[in-house]
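Please walk through this model with me, from its cores to its surface pairs and its pocket. Keep the viewer open as you read.

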Amino acid sequence: MSSNGVYSFTKPNRDSITLLAGLGVEGDVHAGVTVRHRSRVAQDPTQPNLRQVHFIHQELFGELRDAGFEVTAGDLGENVTTSGIDLLSLPVGTLLRLGEEAVVEVTGLRNPCLQIDIFRDGLLKQVVGRADDGTVVRKAGIMGVVVTGGIVRPGDEVRAELPAGPHRPLERV
């Protein structure tokens, strides 16, 4: 669990985070009804905030380690690090149930930016690539909006509940 009340690339780990319905992570700089990411605010500050909560799968850290990059929870700015869930293959609208109460609806893929290379030179190429057919592959996590608030702690179970079909694949948000 990670959050930060100021703009920075990494987010410090916490003993818990509180998710607020319709807003995001309490005290996090990206919490809000409308967009909070600087580039999106510059484009249109009235856009809905589809990036209230950022999830990354812990398995990515192993892949990055194998490529020579040491990355741990919170380093890439995520709020929640999961394990055992293939986040990138979830469809839009999946509900992620965290702990006893909190529910986050998946909105799309994180679109990594050049700040990743400032954090660790060459890391961007590890989290954004191309498939054999030329399509862009984004591996830096997924984003969602808080449907039901609640306190979430490290070690809390995260369960994915797929929406009724047909499923729409995740796109960048």
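Predicted model: local features only at pLDDT ≥ 70, side-chain atom pairs only at ≥ 80, totals over all residues.

Residues are numbered from 1 along each chain as its sequence is written, and side-chain values use heavy atoms, with hydrogens and water left out.

Start with the nonpolar cores. A nonpolar core is a set of buried Ala, Val, Leu, Ile, Met, Phe, Trp, Tyr and Cys residues joined through side-chain atoms within 4.5 Å. Buried means under 20% relative accessible area, exposed means over 50%, and partly exposed is in between (1.4 Å probe, protein chains only). The largest core holds 22 residues. Leu 19, Val 53, Phe 55, Leu 96, Leu 98 and Ile 142 have the most contacts inside it. Which elements supply this core? At least two residues each come from β1, β3, β5 (95-98), β6 (102-109) and β9. The top contributor is β6, with four residues. Strands here are DSSP runs of E with at least two residues, helices are runs of H or I with at least four, and both are numbered from the N terminus.

Take Ile 142 from that list. Contact means heavy atoms within 4.5 Å. Setting aside residues up to four places away in sequence, Ile 142 touches Val 53, His 54, Phe 55, Leu 87, Leu 88, Leu 90, Leu 96, Val 106, Gly 108, Leu 109, Arg 110 and Leu 170. A second, separate core has 13 residues, including Phe 9, Phe 61, Leu 76 and Leu 123.

Phe 61 sits in helix α2. Its relative accessible area is 5%, so Phe 61 is buried. Beyond its neighbours within four places in sequence, Phe 61 is in contact with Ile 56, Val 71, Thr 72, Ala 73, Glu 78 and Thr 81. Thr 72 is 11 residues from Phe 61 in sequence, and their C-alpha atoms are 6.5 Å apart.

Is Ile 56 buried or exposed? Its relative accessible area is 0%, so Ile 56 is buried. Its contacts, not counting residues up to four places away in sequence, include Phe 61, Leu 76, Val 80, Thr 82, Leu 87 and Gly 141. Thr 82 lies 26 residues away along the chain, with 6.2 Å between the C-alpha atoms of the pair.

Turn to charge. Side chains of opposite charge can pair when their charged atoms come close. A salt bridge is a side-chain nitrogen of Lys or Arg within 4 Å of a carboxyl oxygen of Asp or Glu. The whole structure has five salt bridges. One of them joins Asp 28 and Lys 11 at 3.0 Å, N to O. Asp 28 lies in the loop between β2 (24-25) and α1 (38-43) and Lys 11 in the segment before β1 (17-20), so this bridge ties together parts that are 17 residues apart in sequence. Asp 28 is buried at 6% relative accessibility. Lys 11 is buried too, at 5%.

Glu 63 and Lys 139 form another salt bridge, at 3.3 Å, N to O. This pair links distant parts of the chain, 76 residues apart: Glu 63 is in helix α2 (residues 59-66), and Lys 139 is in the loop between β8 (136-138) and β9 (142-148). Glu 63 is partly exposed at 40%, and Lys 139 is partly exposed at 24%. Arg 159 and Glu 157 also meet in a salt bridge, at 3.6 Å, N to O. Arg 159 is partly exposed, at 32% relative accessibility.

Next, the largest pocket. On a 1 Å grid over the protein atoms alone, a pocket is an open set of points where a 1.4 Å probe fits, with protein on both sides within 12 Å along at least five of seven lines; lining residues have an atom within 4 Å of a point. Grid points are joined across faces, edges and corners, and a volume is the space filled by probe spheres set on the points. The largest pocket holds about 550 Å³. Its lining has 22 residues, with His 30, His 37, Arg 51, Cys 113 and Gln 115 nearest the centre. The largest share of the lining, four residues, comes from α1.

Finish at the backbone. The peptide bond from Gly 165 to Pro 166 is cis, with omega near -5 degrees. Pro 166 lies in the segment after β11 (158-161).
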